[in-house]
Structures are given as structure tokens and as C-alpha cells.
Amino acid sequence: MHRRIVVVVAGTLFALLALVAGIVTDFHDREFPQAVGAKSRIGLDFKESELTDREAFTRLQDLDARLRLGLVKIAPDLAGNSSKKVFVPLNDGAFPARVAWFGGGDPVEVMGRERLDHSPPDGTYLLTGDSAGLGELEKSLASEAVRTHRTEASLVDSFVFVVEAGSFGAAVIAAFALIAALALFWLSVKARGRALRVLGGCPTPRIHLQDLGGFFGALLMSALVVAAASALYVGVLHGWAHVPSFIKVLAGLQAAVIAASLLAAIALSMSAWPSATMLATRQPAVKSLRTSAVVLQALTFVLVVGAAGPAWTAYRDSAEASAETAQWHRLSDQVAAQFAMSLEEMDRVEPQIGTFVKEAESADAAALSYTLTEDAWETDFGAYSAVAFVNQRWLDLLTADAPEPSLTPVPFSRVQGMVVKEFGEQFTLWSRSKESGGELAAQLRYLEPTGGLRLPVSTGNGELLFLSDVLVAVVPSLHDTFSDADLTSMMSTKNIVFSGLAPTQELLDRQGLAPDRMRAAGFEGEVNLVHVAEEGLLKAQFAAYVTWLLNLALVALFTAFAVVAGVSAVISARLHAKRDFPLRLAGRPWRRILQVRVAKELLAGAGLVGVVLLFQQPDEAGAVLLAAAFAAIVAPLCHLLATRWMFTAIGRRRV
């Protein structure tokens, strides 16, 4: 029976690890798509090479075919659909028509070699074939003055990235709490047999080997079951190409946890080894585990109530996170300019950028969002936490499905003092016609969110804030309001975005800002287009992962607390059996028999809850108290069940 309990409880732990392995696999697949067998990413820079684009691709094709590298170029999707990029093999190979991601989302099209006929050779390539020829590839390209940068596929690096990018401490703490709880449970079950073997003169190494061997077997059985079930789940729902990576990560995590479990069991066993005095006086064998059980119970209780607040906050915010993800999807076809050039060259292209923005705005394809927060501006905006300068296109993009009225007008007279005081000088610098700050401020239309709307506004560089207390200043015209220099600056920080990759690229080409035309004009740098939503969608999905992880970690901590509380209650019942048995025979109710030890635990728990509340946010207090109430039910219930079991066992002469 005890073996089954270990297998089931360990399954909770390994399920938590399976979720972590899935997150790592997802982020690894984003960098190295497993559906095409990517082993490395190679960045190529031909700017210093004298090869023409056609010669460069011919050279790459020849090297790829001869060395069997299986190079696949990552290129933008000029069709402007939601895939955002395409994969283009340099030579024919066994590639699927579409590549699906582990984490879902729109698949990537695999296109023919003709897709690169009018593309530059610079960019990122995936190596999907034999990596033995990479050295020769790099040497050959270096002879043509081509700069290369290689990144090897590494699950360890992906794991480190995931751990560093989010708060995974809860999962680690929950894992170790369950480890200690399982080790304590196993040793408590084996305590009597171990004491008899010590009394019989059995060698200590053999006792450890026998106890830990059974514990290891139970953990291994649970690990294999979870690994098999999760691998089947991944294969069926995400694709069998992802199973090897997933299993490698999960197996590594499981091996580390099992090793830590055995070390914890050895440490607890050594600290609670039966003494000669205990054996001579015929004290219960589990008495040596009493201190460890009390410490672990207090520790897991603190962890449970401490993790309840963050887990509840993450769960509560999950609905908002889902809404934010939907807003990021609205920006999925929006692109921003990325200036890979010096400041001097940026000054040279300012007139072309001004004309480019004017044409994009006339086609209703340019959206502005430039947000200044109180913290960033180091001032007080009164009733507002931020001021967002937007145009109507931005509002149309992100409030299309919002209930009416989602934004209500704000009279200029109400905010005139604050706006002119804080932004008057800035308006004068921005103005194309060099109007005064007050005159430009009066031309803007002011709005504020209502009905609980959290309006998405951009702070630049692909960052969105979702605010309900923002003052929205609507700019009538980007080109007529801002100078070319300021439009260039706003584009460089991605505060101005444009609809559709293909039409935006066409507008750039029309202004002489295509890479080949800029090089012909003597520019060393170039203007590239990037999708603004990719990183935001990644962060939103990561937030969803963290929510799942925190809640599963909380379940694991609850399980650990229940296990430790049960073991502690059994030990307590065994130690108090000589007192409890006659009292129950005399007719005393269980409540009066247990009231002293239960009251001590409840008082100690109340003190620990008070300490935890000092470090929690005020809105998390309810979750902390709810978790404490759960513990206040579980602990007395464990004592009642353990004492009744002990009474029955003594009556039937099992103890």
C-alpha cells in the first residue's frame, strides 16, 4: 500500500516536471524548429563581401549541396499573412510543406528556391543536415569576407533561458518539498523493520540499500508512467518530431529529482538512525523521525500559505492576460522599421522617412502610440498615470471590439494646464510648423477609457501597457504635426507601426529605402522591417505558462503538506498510544483526546500565517487565509484518522 502511495504522490511531482519540460521544449523549438530537424542557427553578413547577391546564393547552394548541410533560410513572408516568415531550403530535400510549432500558432510555409530570387543573402539560416561540414563552410565564406555567427542547438541553454526569464522558483521549491515529504513517508513506514534489522545486527550499508532500493523503485515506476503518458500526449497533440527533445528534458529533470530524493532519504535516515538506548527501552521506532516531521510540516505549511497569494494573483490575472493576448494578435500584421545605420545616416534619410510616413498615413496604414508615464517623465499627471499620444488608426486597431462607449471625450479646458505645463516645450520641438506648445496642444483631441477598458498603448520598442487611467491625446495627422526628425525618431523606437509587410516594403522601395538602392546611394546601413507582435505574443504565452506552473506548484505543495501532516500525525499517535488507548476505552470523545496537540499546531500555524501576511500584497491576504483554512482542516483530520487507526491497530494487536 505504501508503495502505491509513493507512486501516486510522486506522479504529482513528475507531472509538474513534465510541464516544465514542455515549456523548455516550446522555447527550444522557437529557436531551432524540430519539424525540419534544425541543429544550428547560422547568421551570415555579406556587407563586406564583393559577391553579388546572385553570386552569393550560388556559392551557398554549391557549398550546401557538396557538404550536405541542409541549409534553410528564414525569410520574411512577403505575402503579408499571419505566418510572418517562411522557410526556404537552398536545395531540394525532404522538407514538409508546412512547419508546425510545438506551442501552436500559425504554421510556417516552406517555399521553393525561387522565393530568394530578389532577396539579399544576408540573414539567418538553419542547418538541418550534416554538421560535420560547418567548419569548411565558415572557412570558405570567410575567404569571401563573409562574417558568420553560429549558435548550436542546446536544450540546456533553452532550460537556462526559461529559468532566467520567469519565476520558476515555486516549481523548484514544490519539487523539493514533495521530495522531502516522500522520503519522510517512506522512512516512517520502514522505521520498525529497520529498527529490528539494526537490533538483529544487519550491516548498515545493507539496511540503507534495502530501504533506498524500494524507494528508488517506486519513484522510477512513477517517473516512467508519467514520461510515457506525457510523451504520448506530446506526440499526438504537438507532433512526434518534438518527442525526442521533450523526453530528453523530462528525463534529465526526473533523474535530478530522483537523485535528490535519494539524497534526502539518506540524510533523513542518518539523522534518525535508531540508537541503542531507544532499542533497549523499546521506544517506538518512528520516534527518531519526530523532529524531522515537525520541521517539515512547519516548512511545507509556510510554503503553502506563501505560494497561495502569487498563485491566486496569476489565476486572477489570467483573464486579463488572455485579453492582452487577443490585443497582441490584432497587431500580428503590423510591422515597424528597424534602423541598422549610424546616426549620421539616419539624419540623411529623414526627408525620405517624412514622405514615407505621409504616404502610409494617406493609405490609413500608419498607427502611432507614444506613451509617457509618470515614472518615466518624473512628474505628476494628476488623475492619470500616463499620457498617450496616438492617432485614430491606433484606436481603430485596438478598440474595434470594445463595447461602446469605450472612450469618452475629455474637455481640453480640464487638462489644459497639465498638458501645456508638462509638454508645452516638447510640443514646440515636435511641431513641423514650429507652433507654440499651447497652440499644438489645442489641436489635439483628448479621451479617456471608460467601462473598465484597459487600453493598450505603446511605450516603444514593442512594449505595451494596458491602462485604464491613461489620458489619450489623439493627433490629427502624423506628417502635419511632427517634423521629419521626430517621425524618424518615433519610427526607430517602434512607436509608429505600419499595416502589412509587403505594402510597407513597397512604400520603402518607392522612397529609395530598399537595401540595394541604399547601398547604391552610398549608405552602409539599411532599414529593415520587423513584426512588432512576435515578442509580445511570446511574453503573453510565457505568462500563461507561469500561471499554469504556479497553480500546479501550489497543488504539489498542498500534496506535500498533506503527506507530511499525515506522517506527523501517525508518529504523534504512535507516541501517545499509551495515553490515548485507555482514555478512548473509558469513553472519552476523540475531540477531548486530541484537543491539546491540535490546539498547539493551530496556534503555531496562526503565528506562521501572521508572519507570512507581513510579506504578502494586501489583495493576496484572502488567498493566504484560504490556504491556511485548508491546512487547519487537514491537520486535525490527519490527527483524528491517525489516532483512530492506532486505536484499532492496538485493539487487534497489530502494533
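Tutor: Buried means under 20% relative accessible area, exposed over 50%, and partly exposed in between (1.4 Å probe, protein chains only). This is a predicted model, in which local features need pLDDT of at least 70 and side-chain atom pairs pLDDT 80 or more, while totals for chains, interfaces and linings use all residues. Residues are numbered from 1 along each chain as its sequence is written, and side-chain values use heavy atoms, without hydrogens and water.

Student: Is Ser-477 buried or exposed, and what is its relative accessible area?

Tutor: Ser-477 sits in the loop between strand S15 (470-474) and helix H15 (478-481); helices (H or I, at least four residues) and strands (E, at least two) are DSSP runs, numbered from the N terminus. The C-alpha atom of Ser-477 is separated by 52 Å from that of Leu-16, 461 residues away along the chain. Ser-477 is buried, because its relative accessible area is 14%.

Student: How many salt bridges are found in the whole structure?

Tutor: A salt bridge is a side-chain nitrogen of Lys or Arg within 4 Å of a carboxyl oxygen of Asp or Glu. Some of them form a network, which links Asp-122, Arg-519 and Glu-526. A search of the whole structure gives a total of 15.

Student: How many residues apart are Arg-510 and Glu-359?

Tutor: Their side chains form a salt bridge, with an N to O distance of 3.1 Å. This pair links distant parts of the chain, Arg-510 in helix H17 (residues 501-510) and Glu-359 in helix H10 (residues 343-362), and the separation in residues is 151.

Student: Which elements hold Glu-448 and Arg-414?

Tutor: The two side chains meet in a salt bridge of 3.1 Å, N to O. The pair ties together parts that are 34 residues apart in sequence, because Glu-448 lies in strand S12 (residues 445-449) and Arg-414 in helix H13 (residues 412-430).

Student: What is the relative accessible area of Arg-432?

Tutor: The side chain of Arg-432 meets that of Asp-484 in a salt bridge of 2.7 Å, N to O. Asp-484 belongs to helix H16 (residues 484-492) and Arg-432 to the loop between H13 and helix H14 (437-443), so the pair joins parts that are 52 residues apart in sequence. Arg-432 is partly exposed, as its relative accessible area is 29%.

Student: How far apart are the end C-alpha atoms of residues 294-315?

Tutor: An unreviewed UniProt entry places the feature "transmembrane region" at several spans, including residues 294-315 and 598-615. Residues 598-615 are 89% helix and 0% strand, with end C-alpha atoms 26 Å apart. Residues 294-315 are 100% helix and 0% strand, and their end C-alpha atoms are separated by 31 Å.

Methods
UniProt positions are given in the numbering used here, feature names are shortened, and annotations may be inferred rather than shown by experiment.
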